[in-house]
Amino acid sequence: MKNIYTVPLTQLVEEAGLSVCYRASDYEKIRITVEDVSRPGLPMAGFFDHFEPMRLQVMGTVEMSYLDKLSSEGRSIVFDRFFSYKIPALIIARGNMPHPECLEQAQKYDVTILLSSESTSYVVSFLITALKNHLAPRITRHGVLVDVYGEGMLLLGDSGIGKSEAAVELLKRGHRLIADDAVEIKKISETRLVGTAPELIRNYIELRGIGVINVAKLFGMASIKEETFINLIINIVPWSDHEIYDRLGLENQYVELLGVKVPSITIPVTPGRNLAVNLEVAAMNNRQKRMGYNAAVEFTEQINRHFDQAMNE
């Protein structure tokens, strides 16, 4: 069964800096479930086909100017039908104030009215961005998420393989920690995943034999980051003489999370191997690939040209 995520209206009001003009009796309980926001121009004109009552409705100067041209009775009829759909809330932007008929019908149907001094386009774009983030599909994975040279790297592997120890070494080298042990992953677009830490364990990391440490206090605020895009997945595995590992990097591997394919590499580890340095190189190499340069392909082409020339001679 697909999970349905919600966000409290009160949280959006605080984040967007909205003020409450009329507070419905269920104001504290209202939760938004859809990420789209509507401007009710057509409903104001009486066209309610395909009207989505679960969306937040935002009115600006255009809608207010149209309503100004209606008679008091006409506005009352418009808002009577509009609020009968029991929308989550009506937001009026650009510092406009609601018409008396609007307040009257909002009270009748117990619908919240919110105000903003910002432009209508800003309010709409802000709300859509916030809702996409709050309502995004998400999963939790056991691993460590770090930011290395701006590349979000998700370290996966068995417990005790050395993920947290590698993260600490990266912190000492100036990189940043996002999450240790549990990583919350959100799908914010068809091609983008964002990772963060659960609030309870944010900024903490566990080291076997030492215990739990607060990274922000031990390494400084520059060593932590609240969230990051997941650009690369690192599978850390014990070295095995029976396995064949990719030595050129020509084979593109991917891991699919929430329907998004993320580049992936497997790094075998042995005692004494500097995993942090390898992770730094992996981050830089992945950035080069995203920018269109692939060293493995260039090297292969160079070798092929060398043998072609040798055969011609």
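This short talk describes aromatic pairs, charges over rings and salt bridges in one structure.

Good morning. The structure is a predicted model, in which local features need pLDDT of at least 70, side-chain atom pairs count only at pLDDT 80 or more, and totals for chains, interfaces and linings use all residues. Residues are numbered from 1 along each chain as its sequence is written, and side-chain values use heavy atoms, with hydrogens and water left out.

I begin with the rings. A search of the whole structure gives 7 aromatic pairs; rings of Phe, Tyr and Trp (its six-membered ring) pair if their centres lie within 6.5 Å, and planes under 30 degrees apart count as stacked, over 60 as edge-to-face and the rest as tilted. Phe-82 and Phe-83 have ring centres 5.4 Å apart and planes at 55°, so this pair is tilted. Both Phe-82 and Phe-83 are buried, where buried means under 20% relative accessible area, exposed over 50%, and partly exposed in between (1.4 Å probe, protein chains only). Ring pairs also join Phe-82 and Phe-83 into a cluster with Phe-48, Phe-51, Phe-79 and Tyr-85.

Next, the salt bridges. The structure contains 14 of them, each being a side-chain nitrogen of Lys or Arg within 4 Å of a carboxyl oxygen of Asp or Glu. In one of them, Asp-80 meets Lys-108, with the closest N and O atoms 2.8 Å apart. Asp-80 is partly exposed, at 25% relative accessible area, whereas Lys-108 is exposed, at 54%. In another, Glu-190 pairs with Lys-187, the closest N and O atoms being 3.6 Å apart. Here Glu-190 is exposed, at 62%, but Lys-187 is buried, at 18%. Finally, salt bridges link Glu-151, Arg-287 and Arg-290 in a network.
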